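Visitor: Could you walk me through this structure, starting with the charged side chains and then moving to the helices and the surface?

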Amino acid sequence: MSLIALLLGAYLLGSIPFAVVTSKLLGLEDPRRYGSGNPGATNVLRSGNKGAAALTLIGDCLKGWLAVWAATRLGFGPLEAALAGLAAFLGHVFTIFLRFNGGKGVATALGVLAGVDGRIAILCALVWLAVAFTTRYSSAAALSAAVAAPVAGLIFLGPQASVLVLAVMAALLIWRHAANIQRLRDGTEGRIGGSKKPKAD
């Protein structure tokens, strides 16, 4: 029962839609009404308000990290802590507060990785930055980082069950980017820093 309570709490924590909350507090348009329609930091950046995007990024990262940290502080093992991180990620992607229509989960996943092992998060962040800098496609950067996550987990942690949890999270993140993958193929994907435009999906 304690594990169920942990996972439920982590899911509810992950469900907090910082993109929507931050935009509302700052008097900005709901991020679900423009750009990709995704309630995440990259889409909030399309509003032109970098501060709002930064706050969204920090909030989404923190909830992933906090879920893992809390599980560890409560005495749970590495596998349970990773599962709590996965629950927070699922909360972000399928948030109960937005009728189970959440974000892609990139920032929350990074927070989870930081909670599991900082080295994994740093490596994935570097991969994201390298791809984003060279292509200016946030989705391509996210997909590359997702592929790198379980590989980095194996490198730094070895064949542990928690690495399998990271692989599941990475697979879900890639699945959430299915529409982005199609737009990348079609050459219609929006670039980082692009102007606000009609909702794409």
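Visitor: Are glutamate 189 and arginine 183 buried or exposed?
Guide: Happy to start there, with a word on the source: this is a predicted model, where local features need pLDDT of at least 70, side-chain atom pairs count only at pLDDT 80 or more, and totals for chains, interfaces and linings use all residues. Residues are numbered from 1 along each chain as its sequence is written, and side-chain values use heavy atoms, leaving out hydrogens and water. Buried means under 20% relative accessible area, exposed over 50%, and partly exposed in between (1.4 Å probe, protein chains only). For glutamate 189 and arginine 183, the answer is that both are buried.

Visitor: How far apart are the closest N and O atoms of glutamate 189 and arginine 183?
Guide: A salt bridge here is a side-chain nitrogen of Lys or Arg within 4 Å of a carboxyl oxygen of Asp or Glu. The structure holds four of them. Glutamate 189 and arginine 183 form one, with their closest N and O atoms separated by 2.8 Å.

Visitor: Which residue forms a salt bridge with aspartate 117?
Guide: Aspartate 117 counts as buried, at 13% relative accessibility. The closest N and O atoms of the pair are 2.9 Å apart, and the partner is arginine 119.

Visitor: Why are lysine 63 and aspartate 60 separated by about one helical turn?
Guide: Their side chains meet in a salt bridge (3.4 Å, N to O). Lysine 63 is buried at 3% relative accessible area, and aspartate 60 is buried at 2%. An α-helix has 3.6 residues a turn, so residues three or four places apart point the same way. Lysine 63 and aspartate 60 are about one turn apart because their spacing in helix H4 is three residues.

Visitor: Which helices do the buried residues of H2 pack against?
Guide: Helices are DSSP runs (H or I, at least four residues), numbered from the N terminus. In helix H2 (residues 18-25), the buried residues are Ala19, Val20, Thr22 and Ser23. With contact meaning heavy atoms within 4.5 Å, these buried residues pack against helix H3 (41-45) and helix H4 (50-73).

Visitor: Where is isoleucine 96?
Guide: Isoleucine 96 counts as partly exposed, at 41% relative accessibility. Its place is in the loop between helix H5 (78-93) and helix H6 (106-116).

How values were computed. Helix = DSSP H or I, 4+ residues; strand = E, 2+ residues; numbered from the N terminus.
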